[in-house]
Amino acid sequence: MCGAPTQTPTLPAHVDIEKETVIYGTVSKDGNPVPAAYVRLLDSTGEFTAEVVTSATGDYRFFAAPGDWTLSVLHNSGKARQVVSATGPGLVEATIQLS
Amino acid sequence: MSRSEVLVSADWAEQNLNTPGIVLVEVDEDTSAYDGGHIAGAVKLDWKKDLQDPVIRDFVSKDQFEALLSAKGIGNDDTVVLYGGNNNWFAAYAYWYFKLYGHENIKLLDGGRKKWELDGRELSKDEVNRPTTSYHAKEQDTSIRAFRDEVVAAIGNKNLLDIRSPDEYAGKLLAPAHLPQEQSQRAGHIPGAVNVPWSKAANEDGTFKSDDELRELYSQLDLSKDSIAYCRIGERSSHSWFALHELLGVDNIKNYDGSWTEYGSLVGVPIEKSV
């Protein structure tokens with residue numbers, strides 16, 4: 001391991017990650033985090049499930065369910081699309097690079 | 001009602017930032033968005049603090065709505081242009097809410113904050129203060145607001161339009177996925193409800209689809225029958241209500257603001273589930 005501390009999402013106090021399926025991560029471009037990017041979570045049929053705006057540090061977070069999902073990101077500096085799978089409850093990290 | 005009377009473009013809004021008689025109002029779920037930068041001159045409405053009674057689950061009273069708009073400096077003759085985050089969900093909710101209390105001149109900014117930001121248009125952090133007014137509201141127009149007994153009675157009789165995501169409709173999720181899923185109510189949908197997700201009425205930049213595309217989208221509903229739209233708390237269904245009632249001119253559709261958080265908690269009502 002490279003020794004970098006594991007990033008974990010900031011969660012509201014009452015959230016039980018034994019039960020919630022949390023898909024989270026950072027949106028970046030050329031190595032820099034991108035705040036105010038629009039991140040969409042699409043279900044396995046490509047249908048919209050939710051959308052969030054990245055934080056000042058480029059972070060996003062969803063409470064999903066086990067299954068296959070697609071993340072679709074829009075920002076005025078670029079866009080990205082990425083598939084992510086959650087096998088069960090817990091944390092699933094997906095780092096996204098804009099191009 | 002035609003599109004140009006109820007929906008304005010970002011260009012139009014930008015050209016009318018200083019036009020007397022036009023008031024931009026930002027409505028958000030997360031009001032820190034406004035504080036971090038808003039369209040110049042726009043006043044802020046907090047959909048929860050400003051528009052919900054703090055104790056019982058209902059809207060603020062007519063008197064409280066009058067006091068709110070007066071304090072915000074919105075007059076009866078002003079044209080109110082609403083916009084917000086979450087693809088205009090809460091702005092559409094406020095639109096429906098202003099209609100409920102009888103405001104005449106009201107429009108939605110197509111695409112809301114999202115389109116504005118994606119276009120790279122300017123946001124301001126300046127504090128906005130408008131001179132107070134003495135606003136007069138009308139009694140609630142309940143021809144556009146549905147209540148639970150009416151919804152239960154509508155099963156098998158009226159169109160029930162569930163505009164949540166397919167996973168919420170099926171009962172796999174209990175809330176849109178930016179919120180925690182552990183909720184007290186049961187999962188599923190009202191029996192017979194047709195699922196037309198709100199997102200199908202919008203483009204990815206948050207603007208509404210064309211009238212032709214919307215007509216095609218809702219063609220599976222028999223719109224000669226009365227309809228009731230619902231979601232989880234009534235905000236996304238306001239967006240679909242806007243598409244149907246305001247853009248397509250469907251007069252006989254109501255929004256059920258109790259929505260799934262009420263229906264899914266009622267004792268003994270039927271629920272359909274597909275997972």
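How many residues does the contact take from chain A and from chain B? The contact takes 26 residues from chain A and 25 residues from chain B. The legends below describe close-up views of a predicted model.

**Figure 1. The contact between chain A and chain B in the predicted model.** About 2100 Å² is buried between chain A and chain B, and 54% of this area lies on carbon and sulfur atoms. Of the area that chain A buries against chain B, 25% is supplied by A:Tyr38, A:Glu47 and A:Phe63, more than by any other three residues.

**Figure 2. Salt bridges, polar contacts and strands at the contact between the chains.** Two salt bridges are counted between chain A and chain B. A:Glu47 forms a salt bridge with B:Lys200, in which the closest N and O atoms are 2.7 Å apart. Nine residue pairs, with both residues at pLDDT 80 or more, are in polar contact between chain A and chain B. On the side of chain A that touches chain B, the elements giving two or more residues are strands S3 (38-42), S4 (48-53), S5 (59-64) and S6 (67-75) of chain A. S4(A) gives the most to this side, with five residues.

**Figure 3. The largest nonpolar core, with 58 residues.** The residues with the most contacts inside this core are B:Val25, B:Phe65, B:Leu82, B:Leu108, B:Leu161, B:Tyr218 and B:Phe242. Elements of chain B that give two or more residues to the core include strands S2 (22-28), S3 (43-46), S4 (79-83) and S5 (106-109). Helices H4 (62-72), H5 (85-100), H9 (211-217) and H10 (236-247) of chain B likewise give two or more residues each. H5(B) gives the most, with eleven residues. The core lies between domain 1 (3-118) and domain 2 (148-263) of chain B, because both domains give residues to it.

**Figure 4. B:Asp162 in strand S6 of chain B.** Strand S6 of chain B spans residues 159-162 and contains B:Asp162. B:Asp162 counts as buried because its relative accessibility is 0%, and buried means under 20%. With residues up to four places away in sequence not counted, B:Asp162 touches B:Tyr169, B:His189, B:Ala193, B:Val194, B:Asn195, B:Val196 and B:Tyr230.

Note on methods
Residues numbered from 1 in each chain as written. Chains lettered and ligands numbered in written order. Predicted model: local features only at pLDDT ≥ 70, side-chain atom pairs only at ≥ 80, totals over all residues. Heavy atoms only, no water. Core = buried A, V, L, I, M, F, W, Y, C linked by side-chain atoms within 4.5 Å. Buried < 20%, exposed > 50% of the residue type's maximum accessible area, 1.4 Å probe, protein only. Helix = DSSP H or I, 4+ residues; strand = E, 2+ residues; numbered from the N terminus. Domains from an automatic or database assignment. Contact = heavy atoms within 4.5 Å. Buried area = accessible area lost by both parts, 1.4 Å probe. Salt bridge = Lys/Arg side-chain N within 4 Å of Asp/Glu carboxyl O. Polar contact = N/O pair within 3.5 Å; in protein donor to acceptor, adjacent residues only side chain to side chain.
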